[in-house]
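Here is a short note to read alongside the model.

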Amino acid sequence: MKIPAAIDNLTKETSSTHNTEVLPHLHHAAHINAAVRLLRIGQVVSFPTETVYGLGGDARSTVALKRIFQLKGRPTDHPLIVHLADAAQLNEWARDIPAAAWKLAERFWPGPLTLILKKAAGVLPLVTGGQDSIGLRVPAHPLALELLRAFDGGLAAPSANRFGCVSPTCPEHVRDEFADKLPLVLDGGCCRVGVESTILSLVANEPVLLRPGSVSITALADVLGCHPRTQNTSSGGIRAPGLLSSHYATRTPLQIINGPGLWLQIDHFHSQGVRVAVMILDLSILEMSHKHRSHIITMPSSPQAYARGLYRVMRDLDCGKYDLLLVEAPPQTEEWSAINNRLQRAATKETTTGDIQYDSTQFSDSTPWHHPGRYPHR
Ligand code: TXA
Ligand code: MG
């Protein structure tokens, strides 16, 4: 297959504005070669992983790393995950690797688990946000692995969204987000997992879960022989944007409500002229009148399927047609923990009692919507 002319030209230019090509869902060597050629000259390309799409650049290139931060609008003291083709490369990026890391890698890689380890000498400070630790993972998407093998190095890749916004799970999301600023999006279809990787830190004496994901605490404990401590606030000096209390956010305010209180809340908001969209688990809890007056999305009842569709639904509903997104609270069980975590960070205000305070200033046209300044109470 012929490489599109636009891509061929891109490898020769250095400008940061391009006509983005979304290459079709074909595992063809030409697409990988085009991506590798761009990466080798410090360009940034988007590639699919099993969790979300990444914004990948050469982790040994300051030019590429700066471009990632610039594209994302992310502060440079926030660390990036380095993606590897194989656990055997861990020694190039980390030092004093504990036995637990090798065991976890053996069990979960390729897969949606990021390990935070002590960084090796020579790792660029832009990767680690100036910290002594580094995040590493081997992704499970075949196209990501093919790219990493062909590139033959580490790819620093945050989720391919602007800082604080919802991660992309389909190639179209990446294109919507970056328009012509990105030279290439490798199309690997929609992501199988749909929420970002589980992050586990092994730098201290005890393992610490920094971000829940589809690799569960129980699965980690099975390998570790103990349950990791959980830490899901940005306290403790770890600079991790996914740990900020508001993150993964839609521009439209989002609130989580327990099922039984939902229809009362819908009434309340309707009476104030608020245009509401509702993400619901069980349609039967809504009275017929509410079904007619609101835009209702019935979410899957399995956590895996819910996670897979969550960001797509959030993006679809965040189209300007609604003033408020109401989400029926999923069960508070371990298998829903990654979903609850992302929903809570996306929520402007939430309650487990159904007692929502409606703040009409949130919906005034004159209120600017910026991330993260829109959340002064956080
Ligand atoms: O599933 C994923 O992990 C996706 C795909 C593309 O691999 N990547 C992703 O990257 O979610 P990003 O940058 O959006 O989120 C990675 C999180 C951030 O919160 C970052 O601060 C944290 O990992 N992180 C990276 N290195 C770290 C470190 N050394 N210490 C603590 N947190 C770290
Ligand atoms: Mg992210």
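1. Start with one pairing. G57 stands opposite A156 in strand β8. Two bridges join β3 to β8 (residues 155-156), and the two strands run antiparallel. Strands pair if DSSP finds at least two bridges between them. Strands here are DSSP runs of E with at least two residues, helices are runs of H or I with at least four, and both are numbered from the N terminus.

2. This is a predicted model: local features need pLDDT of at least 70, side-chain atom pairs count only at pLDDT 80 or more, and totals for chains, interfaces and linings use all residues. Residues are numbered from 1 along each chain as its sequence is written, while chains are lettered from A and ligands numbered from 1 in the order in which they are written.

3. S46 stands opposite L55 of β3. The two strands form a hairpin, with six residues between them.

4. Is β3 enclosed or open? Five of the five residues of β3 (residues 54-58) are buried, so the strand is largely enclosed by the rest of the structure. Buried means that 20 or more other C-beta atoms lie within 10 Å of the residue's own; exposed means 12 or fewer, partly exposed is in between, and C-beta atoms are placed from the backbone.

5. Now the whole protein. There are 13 helices and 17 strands. Of the 378 residues, 47% are buried. Among contacts between residues at least 6 apart in sequence, 70% join residues at least 24 apart. A contact means C-beta atoms, placed from the backbone, within 7 Å.

6. Look next at a helix pair. Helix α2 (residues 29-40) and helix α7 (residues 142-151) pack at an angle of about 50°, with axes 10 Å apart. That makes α2 oblique to α7. Oblique is what remains once angles under 35 degrees (roughly parallel), over 145 (roughly antiparallel) and 65 to 115 (roughly perpendicular) are set aside. Axes are lines fitted to C-alpha atoms, for helices over the stretch in contact, and angles run from 0 to 180 degrees between N-to-C directions.

7. Which residues make this contact? I32, A35, V36 and L39 of α2 meet E146, L147, A150 and F151 of α7. By class, seven are nonpolar, none is polar and one is charged.

8. P139 lies in the loop between β7 (133-137) and α7. P139 counts as buried because it has 29 C-beta neighbours inside 10 Å. Beyond its neighbours within four places in sequence, P139 is in contact with T49, E50, H83, P110, A144 and L145. Its C-alpha atom is 5.1 Å from that of G111, 28 residues apart along the chain.

9. Check the backbone at P110. The peptide bond from W109 to P110 is cis, with omega near -10°. P110 lies in the loop between α5 (99-108) and β6 (113-119).

10. D152 has a positive phi of about 60°. D152 sits in the loop between α7 and β8 and counts as exposed, with 9 C-beta neighbours inside 10 Å. A179 has phi near 45°. A179 is in the loop between α8 (171-178) and β9, and is exposed with 12 such neighbours inside 10 Å. Most residues other than glycine have a negative phi.

Technical notes: Contact = placed C-beta atoms within 7 Å. Nonpolar A, V, L, I, M, F, W, Y, C, P; charged D, E, K, R; others polar.
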